[in-house]
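Hello,

Here is the structure we talked about handing over. Please open it first, then read my notes below.

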Amino acid sequence: MRIVVLAGGIGGARFLRGLKQAAPDADVTVIGNTGDDIHLFGLKVCPDLDTVMYTLGGGINEEQGWGRTDETFQVKAELAAYGVGPGWFGLGDRDFATHIVRTQMLGAGYPLSAVTEALCARWQPGVRLLPMSDDRIETHVAVDVDGERKAVHFQEYWVRMRASVDAKAVVPVGADQAKPAPGVLEAVAAADVILFPPSNPVVSIGTILAVPGIREAIAEAGVPVVGLSPIVGDAPVRGMADKVLAAIGVEATAAAVALHYGSGLLDGWLVDTVDAGAVPEIEGAGIRSRAVPLMMTDVDAAAEMAREALKLAEEVRA
Ligand code: GDP
Ligand code: CA
């Protein structure tokens, strides 16, 4: 079975680990979000691609959900001693090596997709990890600071400001000019099932869908498209997804997110058991829905979610 998964960072990566356990023989292609990418200290950092790669490759800091295991921060301290920032983005010593290799290869002319493949040769994530695009796309968030509207990089909004002010708009800068990376449209066209893990609907999955051609390819693939809600009990399980949902006028509920994707894109949507009351509304909108436990407390729980998603996919296929 060929499965295509659109993934952000933590939510996507943890779900993928469950999917690999649930469907060990499946051929999984991951289309990763690159709207979070940022240049720091002259280095190209791809947080979501790395979170997927480290999580599936066994190198992730498990408690944190991002960054390397057994990490140290000597380089960061030395940079700070030079007064060189930003200090708000935590890059550890082990992690730095990944960004150095990536930046070196990009400088030598390799596209991001080839660089990602090279990095994955070490990590062996057991999936084919593709960036959504080889072109530069950077998510910016419009905020009001001291009565003035300004745009900040998504990481500055998320990590430095901790989404403490309202997001007025979310813009994937460069997306309209971007092309899907090699292999992306081919993987979608060849898929038997397409899954949206519990990733951020705006700045992870929304950004991937903003690359011209990807949304259309998914809608026209003619195979089941099933998603899992990142919103449980009217709040994000982790992080501040409610802030960026508000920016696009979508309520932070499992049903509102399903309706935002819409029946033109989504065939099935899993909500958590606490949101079972939302099922009729979602089904009323033409999206098959089931309520099952959606908390990825461990790999087994994530695997059970993946089994439910594949089961719902077979139901809508029939
Ligand atoms: P990021 O790039 O690291 O922010 O990660 P993603 O975009 O892949 O996923 C973030 C989303 O995952 C957040 O909106 C969380 O609510 C959601 N999430 C995290 N853990 C869980 C979980 O155990 N269950 C569910 N249903 N959602 C989760
Ligand atoms: Ca992310």
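**What I found**

Start with Asp 36, which is buried, at a relative accessible area of 6%. Please keep in mind throughout that this is a predicted model.

**The calcium site**

Asp 36 is one of the residues that hold the calcium ion (ligand 2). The donors are an OD atom of Asp 36 and two entries for OD of Asp 48, at 2.0 to 2.6 Å. These residues come from distant parts of the chain, twelve residues apart. Asp 36 sits in the loop between β2 (27-32) and β3 (38-40). Asp 48 belongs to helix α2 (residues 47-57). Asp 48 is also buried, with 7% relative accessibility.

**Helix α2**

Stay with α2 for a moment. The helix lies across β1 (2-7), β2 and β5. Its direction makes an angle of about 175 degrees with β5. Thr 51 is also part of α2. Is Thr 51 buried or exposed? Thr 51 counts as buried, because its relative accessibility is 6% and the cut-off for buried is under 20%. Beyond its neighbours within four places in sequence, Thr 51 touches Gly 9, Ile 10, Ala 13, Ile 60, Gly 65 and Trp 66.

**Helix α1**

Ala 13 leads us to α1. Helix α1 covers residues 10-22, which is 13 residues. From first C-alpha to last, α1 reaches 18 Å, close to the 18 Å expected at 1.5 Å a residue. Its buried residues are Gly 11, Gly 12, Ala 13, Arg 14, Phe 15, Leu 16, Gly 18 and Leu 19. What do they pack against? Their partners are β1, β2, α2, β9 (193-196), β10 and α13 (299-317).

**The sheet**

Several of those strands belong to an open sheet. The sheet has seven strands, in the order β5-β2-β1-β9-β10-β13-β14. The pairing is parallel. Which strands are at the edges? They are β5 (128-131) and β14 (288-291), and each pairs on one side only. From one strand to the next, the twist averages 20 degrees.

Now look at β10 (residues 225-228). Three bridges join β10 to β13 (residues 268-271), and the two run parallel. Three bridges also join β9 to β10, again in parallel. In β13, Gly 268 stands opposite Val 226. Leu 195 also stands opposite Val 226 of β10. Both faces of β10 are covered. Val 225 and Gly 227 are buried on one side, and Val 226 and Leu 228 are buried on the other.

**Cysteines**

How many disulfides does a search of the whole structure find? The search finds zero. A disulfide needs the two sulfur atoms within 2.5 Å. The search from Cys 120 leads back to Cys 46, again at 11 Å. Cys 46 is buried, at 0% relative accessibility. Cys 120 is buried as well, at 10%.

**Backbone points to check**

- Pro 86 lies in the loop between α3 (74-81) and α4 (93-107).
- Asp 70: phi is positive, at about 50 degrees, although the residue is not a glycine. Asp 70 lies in the loop between α2 and α3. Asp 70 is exposed, with a relative accessible area of 65%.
- Asp 234: phi is near 65 degrees, again a positive value in a residue other than glycine. Asp 234 is in the loop between β11 (231-232) and β12 (235-236).

**In brief**

The calcium ion is coordinated by Asp 36 and Asp 48. The open sheet has seven strands with parallel pairing. The structure has zero disulfides.

Best wishes

Technical notes. Residues are numbered from 1 along each chain as its sequence is written. Chains are lettered from A and ligands numbered from 1 in the order in which they are written. This is a predicted model: local features need pLDDT of at least 70, side-chain atom pairs count only at pLDDT 80 or more; totals for chains, interfaces and linings use all residues. Side-chain values use heavy atoms; hydrogens and water are left out. Donors are N, O and S atoms within 2.8 Å of the metal (3.2 Å for Na, K and Ca); water is not among the atoms, so sites may look incomplete. Helices (H or I, at least four residues) and strands (E, at least two) are DSSP runs, numbered from the N terminus. Buried means under 20% relative accessible area, exposed over 50%, partly exposed in between (1.4 Å probe, protein chains only). Two strands pair if DSSP finds at least two bridges between them. Axes are lines fitted to C-alpha atoms, for helices over the stretch in contact, and angles run from 0 to 180 degrees between N-to-C directions. Contact means heavy atoms within 4.5 Å. The expected span of a helix is 1.5 Å times one less than its number of residues.
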